[in-house]
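I opened my notebook to look up a few features of one structure.

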Amino acid sequence: MEEFIYGGDYNPDQWLDEPQVLEDDIRMMKKAHINEVSLGIFSWALLEPEEGRFEFDWLADIIHKLYENGIYTILATPSGARPRWLAKKYPEVLRTYEDGKKAKFGGRHNHCLTSPAYREKVRIIDAKLAECFKDDPAVIGWHISNEFSGECYCSHCQDEFRKFLKRKFGSIEKLNHEWWTTFWSHTYTSFDEIEPPSSIGENETNGLIIDWRRFATYACTDFIKNEIEAIRSAGAKQPVTTNMMYEFGGYDYAEFAKVIDTMSWDSYPEWGIAESDGKAALEHGLYHDMMRSFKDKPFLLMESCPSGTNWQSVSRLKRPGLLKLAGIHAVSHGADSVQYFQIRQGRGSSEKFHGAVIDHTGRDDTRVFKEVTETGALLKEIAEIKGAVGDAKVAIINDTQNKWALENSQGPRNCNEGYYETVHKIYEALKINAVDVDVIEESHSFDGYKILIAPMLYSLHDGAEKRIREFVENGGILISTYLCGVVNENDLCYMGDIPYDMTDVLGVRTEEIDALCDGMKNSLLPVEGASMRLQETDCEKMCELISLKGAECLMTYGSDFYKGSPALTVNQFGKGKAYYIASEPDREFYVGFLGRIIKEAGVVKLMESLPEECDIASRVKGGKRYVFIENFGREDKEVKLPEVADMLYGDTSSKLPATDAKIYSIKA
Ligand code: GLA
Ligand code: ZN
């Protein structure tokens, strides 16, 4: 499709006995410029009402009616929720919980992901659907299942976990070593003895906990692969995706990225609830950037809410303008679609009050409908941007496996290790400096970046330390913070000097780490005559005591018994430089510090400085850079546009109205 995909989850299966509804919906969707629907996500009971009896005619009929009206379909595989007959006949498909309790039929997203029976039933229906729609021009993609989540503790999953560990470690001796099981006499004598982590059993062996999460990721990725193979073996060639969730730490999405064609995710910021809408936008902007960075390709915004949700603790309406602004925001960070949950509100059950393009009134003159229409018109006008990619020169590592390791490290601060907060703070400081940012995993390539930021890189995997070394050696600027290079991928501490294998790169060595209680502060003071004069700042959370091994000290601690000792350093290594920040300075410090580094590295800013509550991002295509600025605040802001800019949306004045945006292109 040339244009941006514009549409979302549509559930006409709930209205089969009222054919007029489909007619009305098509008329209204056309009016709103909707060109896509995601269909069949929860339709299994209708598609296969009894085992082996498939009824796809109603679906084909809907797909074709939509297509005749210019609306394409992203077709779901229905594995997100199963029909009753399936659970009744094959109870093994139902999940077993951590306490050993078996789920009853109900809910969704709660199957055993390794169950051979479930995989087989899913494979059959997926293949049937693919046979039916593989050559259908109306079907432009496959939506595998829905928002995968969770773990199952059934005996089959446990067996698969043991096999997974056997493949990983080879021998039980190696596993015992990596998990350090001699501690408390927890040695395993064979793989058969291994059980998943449990609050009434083994719950402190971090190696086990992390590997259980890796296994859950593996089981789910393998489930996805099973679905993709079913579709592909039936001859379907359309791209596949699966929709991911905000801050879902249950699986490592980097593994999903390896098996699907396009990343997609569901973004539900807490508009009107979070500290400010600017903050909510930043948080979701970070996630948009992460989705783009996984594959360095545009992603799909698979779901977003047209107004209030039904599940946030308090469901606030989107104030006027915010619907369009949130769509522009996703596109600015690399989305090639704006999709909603849901096109039409259902009449009953739990999501009947969830915001929708078409609500229970069935009218096309509601406030929400009008905004959906306006947004659709805008996306048409800016269609030339579709497919444009990011070219960020700054990357920040936000690594899921590292987060897992940190969460149960049982280290200096157990109240909140604060990984996400630190990543977020640095990301925010980068955005205030108006640069594009890639948000990457440790395993992502570091090539092409000028600045690499590695906050709290506690657990090293995928040879990160070697690739960081090469990055700096070849001229990159590294910014690393405290808790760097402490353990391997199994949470086994590195012996000798840390940051592991990087003390020469960073020119420092970690000696001790002091944790501060919430509210406690130390400070960082600039060193007289240092090569970089930095602004004094408070710092909190953790204070690492480091000694110099060749680095220059730029700042020292301002108080406590380590007053005067190094706290921020820089080291020349190869053609590059490596900074080490031994504590947690505040956001303002990062804004200034990163501003200096950005300048030094010659990274081009999209604007001199960005007003509060605003976001800026760009995408490039065909020699053009498309720049998007959004104002999530409730007051107008002043922005400085470049002298030569082709406006695609908004005017050339310096006024950026509240809850509005500007989009323009400049030469790339
Ligand atoms: C998720 C699901 C949808 C729907 C929405 C409601 O994103 O994927 O099926 O439940 O939440 O916000
Ligand atoms: Zn299971």
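I am working with a predicted model, where local features need pLDDT of at least 70, side-chain atom pairs count only at pLDDT 80 or more, and totals for chains, interfaces and linings use all residues. Residues are numbered from 1 along each chain as its sequence is written, chains are lettered from A and ligands numbered from 1 in the order in which they are written, and side-chain values use heavy atoms, with hydrogens and water left out.

**Entry 1: the ligand**

Which residues are around ligand 1? I listed Phe42, Arg108, Asn146, Glu147, Asp266, Tyr268, Glu303, Trp311, Phe341, Glu351 and His354. A residue is on such a list if one of its heavy atoms lies within 4 Å of the molecule.

I then sorted this shell by class: 4 residues are nonpolar, 2 are polar and 5 are charged. Here Ala, Val, Leu, Ile, Met, Phe, Trp, Tyr, Cys and Pro count as nonpolar, Asp, Glu, Lys and Arg as charged, and the others, Gly among them, as polar.

Next I looked up polar contacts. A polar contact is a pair of N or O atoms within 3.5 Å; within protein, one must be able to donate a hydrogen and the other to accept it, and residues adjacent in sequence count only if both atoms are side-chain atoms. The side chain of Asn146 has an N or O atom 2.8 Å from an oxygen atom of ligand 1. For Trp311, the distance from a side-chain N or O atom to a ligand oxygen is 2.7 Å. For Glu303, a polar side-chain atom lies 2.4 Å from an oxygen atom of ligand 1. How much of the ligand does the protein bury? Ligand 1 exposes 300 Å² when taken alone, and the protein buries 96% of that. Accessible areas come from the Shrake-Rupley method with a 1.4 Å probe; for residues, only the protein chains shown count as cover.

**Entry 2: salt bridges**

Side chains of opposite charge can pair when their charged atoms come close. I used this cut-off: a side-chain nitrogen of Lys or Arg within 4 Å of a carboxyl oxygen of Asp or Glu. How many salt bridges does a search of the whole structure find? It finds 50.

I looked up one between Lys89 and Glu51, with the closest N and O atoms 2.7 Å apart. Lys89 is in helix α4 (residues 84-89) and Glu51 is in the loop between α2 (44-47) and α3 (57-68), so the pair ties together parts that are 38 residues apart in sequence. Helices (H or I, at least four residues) and strands (E, at least two) are DSSP runs, numbered from the N terminus.

Glu407 pairs with Arg213, and their closest N and O atoms are 2.8 Å apart. Glu407 belongs to helix α13 (residues 400-407) and Arg213 to helix α8, so this bridge ties together parts 194 residues apart in sequence. Is Glu407 buried, partly exposed or exposed? Glu407 is partly exposed, because its relative accessible area is 34%. The cut-offs are under 20% for buried, over 50% for exposed, and partly exposed in between (1.4 Å probe, protein chains only).

Asp261 and Arg232 meet in a salt bridge at 3.0 Å, N to O. Asp261 sits in the loop between α9 (253-259) and β6 (262-266), and Arg232 in helix α8, so the pair links parts 29 residues apart in sequence. Salt bridges that share partners also join Lys279, Glu428, Arg587, Glu588 and Glu612 into one network.

**Entry 3: a nonpolar patch**

Trp180, Phe183 and Trp184 form a nonpolar patch on the surface, and together they have about 420 Å² of accessible area. Patches are made of residues with over 30% relative accessible area and no salt bridge; like charges are joined within 9 Å, nonpolar side chains (Val, Leu, Ile, Met, Phe, Trp, Tyr) within 5 Å. I found Trp180 in the loop between α7 (172-179) and α8 (206-233). Trp180 counts as exposed because its relative accessibility is 54%.

**Entry 4: a buried histidine**

His444 is in the loop between β10 (437-440) and β11 (451-454). His444 counts as buried, because its relative accessibility is 13%. The His444 side chain reaches the backbone oxygen of Ser293 at 3.1 Å.

**Entry 5: distances**

Thr652 and Asp211 are 441 residues apart along the chain, and their C-alpha atoms are separated by 54 Å. Met532 and Met555 are 23 residues apart along the chain, with C-alpha atoms separated by 9.4 Å.
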